[in-house]
Amino acid sequence: MTKEEAENGRDDMIIDGPEQANAVPDGFNANYLRIYYGKLFPHADIFKWLSYGNDGKHPACDKSYVGRREFSFTLENDIYIRFQSFNSVSEMENSIKEKCPFKIDIGPVYSVDPAKRHAYAQSGDNVFTPVERELIFDIDITDYDDVRYCCTGADVCLECWPLMTIAIKVIDTALRDDFGFNHILWAYSGRRGVHCWVCDGKARRLTNEQRAAIADYFRVYKGNENSNKKVSLPGLVLHPFLARSYTEVLKGFFEGKLLSNQNLLSSEERYEKILDMIPDASVTSELRGRWQDNKRSSMSKDDINIVRWEQLKQVLQSGKQKAQGLRRCVEEIVFSYTYPRLDMEVSKHMNHLLKAPFCVHPKTGRVCVPIDPNNCDEFDPTTVPTLSQLLEELNKGGLRQDAENGMFILCNVIYPYDGWDRTSLAESIAFFRSSFLQPLLKSCKEEIESSYNTKLQQSKNNTLSW
Amino acid sequence: MQVVRSHRKSSPSDVVVSTLPLYRSAPPLEVRLEDFELFALDRLRVLKGISDGLSRGRKPEEMEKLAMDLLKANMRHPQATEEVNKDIISHFVLRLVYCRTEELRKWFLSTETALFRYRFRSESSEAQRALMSEFNLPYKAVSNAEFESVKEKLGQVARSMGQSLPTADAVYYKVPFEEVPDLVAARRVFLLKGHAYVAMSQVVSLVVTQFRSHLSKALILTNRKWTSTIRDQEKDRLAPIVEALSSSYLGPDYSQPKEFGEISLKDIDQIARTSFPLCMRHLFEKLREEHHLKHGGRMQLGLFLKGVGLKLDDALAFWKAEFAQKVGAERFDKEYAYNDYTPYSCQKIISSTPGVGDHHGCPYRHFSEENLRAALARMGVSSRTMEDVLDKVRNRHYQLACTLTFEAVHGSPCDTGINHPNQYFIDSQKILQSKNGSVA
Ligand code: SF4
Ligand SMILES: [Zn+2]
């Protein structure tokens, strides 16, 4: 206890330091990060999550489980250390505090402790291989550069972020309704996209082949810039998953947001890109003719993008075109401009590493906070707490709540990272616990219990039959 | 498996005999040593033919015909009654041959499974049902009430595949989606809360999954037996045959650079121009240009470079320099550090599915004609050869297209054909070496 107090005191001094009270200059550095890991990073929650209930007293717990999980750290000087493993939360926490990694990646659970993989390699029998891994998705805004005009590369703004919102909605609904998964964590990647962790036991035990099947289920893009093919939706009707995604998400976002947000039809260069997707010269020249003529004359207050889109739909969906199968073009255009673009390889293989939630992105200083898929429309990447902002809040809170220090020290016994509840991280951590961690652990307990009972039952039956 | 809504009940008297074995247990037969090897070689010809066909991207219907032709050509036996025995014996011999490493097991598992799939599909529906019951699948057909509740969605799926609507007496099975990955991947089933609704005509997937998982487990067990007892017991008799058999068809392993030793960083641009196959040239150029490659590309190029003999320190320096501007080197470090990955073969590269922003894959397969033309022109392929190459591409003979390119660029024949990017590299270096008297 006294040691903790002493440490707290020291950390506070670093924050207060010689600077003006409370003002924490923007930026990202090892000193800030050290305080973050010391006071804010939810070590215990992360560790509880990755233990999946195997840290209890239940006789069916797999005590070695969490210790076979790979962590890897990227240190300040770009040194990369793989195959870290921890048997307890304090081991993990101490290592993180000591090494102060700029990035923490989480890998699979292996057949044996990854830190001791070499020792096992000699014994021959225990092959070192991944045995469990969350099903993960990585969606990156840089993959949308051909359909957004507001930013390029790693930049995002509120005009293009809806593309990520769409991805969350489409994937999340399918994971739950189609695949029957329940324990899904979405997180901001800290800069240019979102990560998804599907944590159901069933998901963690998928084979690579099954992972690839799920990734392919989500795939509508055939080819890439080398093959100049984009979305192709063959068949008389859309598969129910695509049909639902279209009517419930894509269409609304395209017509209600992106069309005017991104000015998709406002200039010749942009509308030509869309006309390119219509394989019928008579249709495209008709539309082109109309759009070139009324470039100036459009006096109506209506958004030109929307006016033109309505015209395009009208032409393509008229009876004459329906017969020629051009109707699907409207959908193909909408899919091309909105449908989620997944990094397929990340999802297909168990041994991919993914950045842990609650890390801080070194370039933006923003925390990789969880995103609530039910309220993902409200998520704003530009207001996600930054490291310096959090430290400032911590600093203020620390002064204000000095009187209650005793209480925090009491809490320290359980969660030694006091302080977060005084910062804007509070909401994120509370959400992580109540919407993700608690339901997850509850179902893990049930799973452990029921597998134990079946085993008991089996051994009972065996004895009877003797 | 229980078929609830079927009106006919098969009585035990009219047992349908299928000649398709499930290879559940090893044959209790005496095998002559010559047969041991001959049968195995015959089966290998079939499997090799299948894996070639798959790597050329043949369609399922073509594959089915190919498989049946291969069987007819290789698996006949002078005594018709012996054919089943030959089938079983050869399968079990090859299990021994291909159980010994992960790479061998993978190849055998996927090729045997493919063969089984085509054979199953060409059986009569009675025979199929009989085979299914041998597997004892634990699935029930969906009830009428449930069928009604999802009928509309099932119809949507059928029509999305260009099929007619399911009739009222259509039989569907409800199975965990994990058991029909191929149907899920192609969106050929309706999924609801983790269950796939599998039509009777799609049951082949279920059976194949069973076959595959059984064989996969069996291979691990065989491997254990091989290392613990068989290898020593059969040291003088079977073991040499088994070892010779495995190398007779799976090409060499290119994970360790052999022939040309190490290559250093300063030579790499030059060597990329002279000796990289198009797939690697493209990745290499993209990397130089964009200082970024996505995972699939990093793996394909990285493992190739490793096989080519780029020294580890050089390799890391190379990637770090390339990535510094965009990604940071750590991501590659961790991938490159995997020692257990071997460079990808053409077959693997051709069957990959590059997505948006990806540059991996085989240009002959994955480029549009226009882009391929431009790329070939940059390699210095003349317009006449170009037409030959494109002709091969149109017929989906991607490796032959690559072989023609190789021959045109090097001005010398490549009799073995291109099967592996690292083979392309080695053959190219050999030719250049003999021309210059030294490695370029
Ligand atoms: S055939 Fe093989 S070596 Fe040639 S480009 Fe394709 S993958 Fe590369
Ligand atoms: Zn933007």
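Ala, Val, Leu, Ile, Met, Phe, Trp, Tyr, Cys and Pro count as nonpolar, Asp, Glu, Lys and Arg as charged, and the others, Gly among them, as polar. By that scheme, the shell around ligand 1 holds 10 nonpolar residues, no polar and no charged.

This is a predicted model, in which local features need pLDDT of at least 70 and side-chain atom pairs count only at pLDDT 80 or more, while totals for chains, interfaces and linings use all residues. Residues are numbered from 1 along each chain as its sequence is written, chains are lettered from A and ligands numbered from 1 in the order in which they are written, and side-chain values use heavy atoms, without hydrogens and water.

Stay with ligand 1. Its surrounding residues, each with a heavy atom within 4 Å of it, include Cys279(B), Cys346(B), Cys362(B) and Cys402(B). Helices α15 (346-350) and α16 (363-366) of chain B each give two or more residues to this shell; helices here are DSSP runs (H or I) of at least four residues, and strands are runs (E) of at least two, numbered from the N terminus.

Now turn to chain A. Strand β1 (residues 69-74) runs antiparallel to β2(A), joined by three bridges; strands pair if DSSP finds at least two bridges between them. Phe71(A) has Gln84(A) as its bridge partner. Five residues lie between the strands of this hairpin, where Asp78(A) takes a positive phi near 70°. Four of the five residues of β2 (residues 80-84) are buried, so the strand is largely enclosed by the rest of the structure. Buried means under 20% relative accessible area, exposed over 50%, partly exposed in between (1.4 Å probe, protein chains only).

Strand β5 (residues 135-140) of chain A has six of its six residues buried. Leu135(A), Phe137(A) and Ile139(A) lie on one side, and Ile136(A), Asp138(A) and Asp140(A) on the other. Six bridges join β5(A) to the antiparallel β7 (residues 193-198) of chain A. There, Asp140(A) stands opposite Gly193(A).
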